[in-house]
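Subject: Handing over the structure

Hi,

Here is the structure I promised to pass on.

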Amino acid sequence: MMLQICVTFFMVTILAASAIPKPEEKRVVDYDLSDAQHFQNEQHNTQYDHEAFLGKEEAKTFDQLPPEESRRRLGVIVGKIDADSDGLVDLGELKNWIQFTQRRYIEDDVERQWKQHNPTGNETIPWEAYRKAVYGFMDDMDPRDLDKEDEGFSYKAMLTRDRRRWSFADKDGDDHLSRKEFTDFLHPEDSVRMRDVVITETIEDIDKNGDGKVSMDEYIGDMYRTSEDGEEEPD
């Protein structure tokens, strides 16, 4: 059965690879299944599968276990994945499990940041409190440094993007985010209501010349940007 699981999981990750931008990019549409790259030097990286299957934190725990305990715990997990209890894990069950681990990661991330930005346990977080916590250092920066870009990154641009995303997530328009609204802010890729801002941010990332359009060269360059190992985009 383990062989069937591995083969099925490899099929899932192959299907997912065509839909996920390059792993080193941190776009909102990226499903961060693993910190590892899916392929390294054109070789399939099993660590990616390991983290995507178990979840990143659980994978770290498994790495510290002796082989016997690791196999025992894996058997328990397989039993949870096998929803129809037929002794086999099919493609649908494996997809559902990966979606579950991704959702668990999002919930853990939101819980951590909610406590960080809301230590007093209020019902909402105001924008100004979030801005001061994340971008407060900008208040003391030289205004000329705020507009400086380093490989396309600038603090001012990041603040502007976050402010816009905050407004999209703020469903009732009070400039405070509830727990649900804060979840949409942190992970807009997981919210149907946030699709417009996801599309806008993605286009901005690809639109290198800032003309509001994505040219063929920009699209191809984004998909096949020269990698660190020297891989070049196709003709």
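Before the notes, one term: I call something a salt bridge when a side-chain nitrogen of Lys or Arg sits within 4 Å of a carboxyl oxygen of Asp or Glu. By that rule, the structure holds 17 salt bridges. Please keep in mind that this is a predicted model.

The overall picture

The protein chain has 235 residues, of which 35% are buried. Eleven helices and four strands are found in the chain. If you take the contacts between residues at least 6 apart in sequence, 51% of them join residues at least 24 apart.

The salt bridges

Asp109 counts as buried because its relative accessibility is 10%, while Arg112, at 47%, counts as partly exposed.

The same helix has a second pair, Glu111 and Lys115, both in α5 and four residues apart, again about one turn. Their side chains form a salt bridge of 3.1 Å, N to O. Glu111 is partly exposed, with a relative accessible area of 29%, and Lys115 counts as exposed at 52% relative accessibility.

Then there is a pair that reaches across the sequence: Arg161 and Glu201, whose side chains meet in a salt bridge of 3.8 Å, N to O. Arg161 belongs to helix α8 and Glu201 to helix α10, so this pair ties together parts that are 40 residues apart in sequence. Both Arg161 and Glu201 are buried. They also belong to a network of salt bridges that links Arg161, Arg164, Arg165, Glu201, Glu204 and Asp205.

A buried charge without a partner

Which buried residue has no salt bridge? Asp162, found in helix α8 (residues 155–169), is the one I'd point you to: it is buried, has no salt bridge, and the nearest side chain of opposite charge, Arg165, is 4.9 Å away. That distance is over the 4 Å cut-off, so the pair does not count as a salt bridge. What Asp162 does have is a polar contact of 2.8 Å between its side chain and that of Tyr135. Leaving out residues up to four places away in sequence, Asp162 touches Trp127, Tyr130, Tyr135 and Phe185.

In general, nonpolar side chains tend to be buried together in soluble globular proteins. Here, the largest nonpolar core has 19 residues, and the members that touch the most others are Ile125, Tyr130, Trp166, Leu177, Phe182 and Phe185. At least two residues of this core come from each of α5 (91–117), α6 (127–135), α8, α9 (179–186) and α10 (195–206). Domain 1 (31–121) and domain 2 (122–225) both give residues to the core, so it lies between them.

Apart from its neighbours within four places in sequence, Phe185 is in contact with Tyr130, Asp162, Arg165, Trp166, Ala169 and Leu177. Apart from this core lies another, of 13 residues, including Phe53, Leu54, Ile77 and Ile98.

Some loop residues

Most residues other than glycine have a negative phi. Ser85 is not a glycine, yet has a positive phi of about 55°. Ser85 sits in the loop between α4 (67–81) and α5 and counts as exposed, at 63% relative accessibility. Asp175 also has a positive phi, near 65°, and is likewise a residue other than glycine. You will find Asp175 in the loop between α8 and β4 (176–177), where it counts as partly exposed at 28% relative accessibility.

Finally, take a look at Asp190, in the loop between α9 and α10. Its relative accessibility is 35%, so Asp190 counts as partly exposed. Which residues does Asp190 touch, not counting those up to four places away in sequence? They are Arg103 and Ile106. The C-alpha atoms of Asp190 and Arg103 are separated by 8.8 Å, although the two are 87 residues apart along the chain.

That's everything from me. Over to you!

Key:
Residues are numbered from 1 along each chain as its sequence is written. This is a predicted model: local features need pLDDT of at least 70, side-chain atom pairs count only at pLDDT 80 or more; totals for chains, interfaces and linings use all residues. Side-chain values use heavy atoms; hydrogens and water are left out. Buried means under 20% relative accessible area, exposed over 50%, partly exposed in between (1.4 Å probe, protein chains only). Lys and Arg count as positive and Asp and Glu as negative; His and the chain ends are not counted. A polar contact is a pair of N or O atoms within 3.5 Å; within protein, one must be able to donate a hydrogen and the other to accept it, and residues adjacent in sequence count only if both atoms are side-chain atoms. Contact means heavy atoms within 4.5 Å. A nonpolar core is a set of buried Ala, Val, Leu, Ile, Met, Phe, Trp, Tyr and Cys residues joined through side-chain atoms within 4.5 Å. Domain bounds come from an automatic or database domain assignment.
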